[in-house]
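Student: Hi! Could you walk me through this structure? I'd like to start with charges and rings.

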Amino acid sequence: MELISENKVFGGIHQRYKHQSACNNCEMTFAIFLPKPVDATGKLPVLYWLSGLTCTDENFMQKSGVFKYASEHGIVIVAPDTSPRGDTVADDENGSYDFGLGAGFYLNATQVPYSTHYRMYDYIVSELPKLIESNFSVSNKKAISGHSMGGHGALTIGLKNSKQYESISAFAPITNPMDCPWGVKAFTGYLGEDESLWAQYDATKLMLENTADRKIPIKIDQGGDDVFLTEQLKPESLLNAAKAIGYKIDYQLHNGYDHSYFFISSFIEQHVQFHAQYLKS
């Protein structure tokens, strides 16, 4: 790993690193916030944050105001980039914002040329946690959260790996990507036309098929004035699926709030508190 930058904030340290990723076959960047240890062991739990379309590791760390609350609860925050990067990494031929660079959708691509680099699912589930746990004073307790496309990633990764995470939360997640324009475009490009391969990355489908003994706690906050609410996000799809199998989700709709980081910063304290109760239990 190569240190890119370091800043002190709320008594802890925010750092950015770059490293060569075996999963994505390119250089990847991540940010990490390390609060001052609150006990003798120094082993703190980790909250992984997955950002949305067009974002990098910097958006959440600079705009959310999470450091104060992470410091209070003694939680490490890790924010990876949203996709592979580099001159050799395939991008959308038209340069659109919702596919290619900045839009990895937290899946393992199977279609050429994207299959060479776009393996964000493996990167988030396996490679990055191993890197963090090998190089920083953290415990193996972790939770996962995200926004929009990152909320989709947090839900699908958490549901598929419920024994690895203590809790899941999301702001304005894409809950049913098989049935929205963003998801259909991404899944077709990364996974091909066979929709049977898409379901493994759709939170609503995963919820309906959930047979795990352990129902990992889930918290979702959604802005009522979000312009993407009806066409792209469709939280009712996931909520109906959860109701059908008796899976309780802490869902809150906030009138007047949109899709931006103004919304996220307004409620990030509650999300950190939500995760803290499970990460510290």
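Tutor: Happy to. A charge sits over a ring if NZ of Lys or CZ of Arg is within 6 Å of the ring centre and within 35 degrees of the ring normal. Please keep in mind that this is a predicted model: local features need pLDDT of at least 70, side-chain atom pairs count only at pLDDT 80 or more, and totals for chains, interfaces and linings use all residues. Residues are numbered from 1 along each chain as its sequence is written, and side-chain values use heavy atoms, with hydrogens and water left out.

Student: Okay, which ring does the charged end of Lys-160 sit over?

Tutor: That of Tyr-201, with 5.9 Å to the ring centre. Lys-142 also lies over a ring face, that of Tyr-165, at 5.7 Å from the centre.

Student: And how many aromatic pairs does a search of the whole structure find?

Tutor: The search gives 19. Rings of Phe, Tyr and Trp (its six-membered ring) pair if their centres lie within 6.5 Å; planes under 30 degrees apart count as stacked, over 60 as edge-to-face and the rest as tilted. Trp-49 and Phe-171 are a tilted pair, because their planes are at 55°, with the centres 6.1 Å apart.

Student: Is Phe-171 buried or exposed?

Tutor: Phe-171 is buried, at a relative accessible area of 0%. Buried means under 20% relative accessible area, exposed over 50%, partly exposed in between (1.4 Å probe, protein chains only). Trp-49 is buried too, at 1%.

Student: Switching topic: what does UniProt annotate as "active site"?

Tutor: The unreviewed entry gives that annotation to Ser-148, Asp-226 and His-259. UniProt positions are given in the numbering used here, feature names are shortened, and annotations may be inferred rather than shown by experiment. The three spread over 112 residues of sequence yet cluster in space, with a largest C-alpha distance of 10.9 Å.

Student: What joins the side chains of His-259 and Ser-148?

Tutor: A polar contact of 2.9 Å. That term means a pair of N or O atoms within 3.5 Å; within protein, one must be able to donate a hydrogen and the other to accept it, and residues adjacent in sequence count only if both atoms are side-chain atoms. Ser-148 is buried at 3% relative accessibility, and His-259 is buried at 13%.
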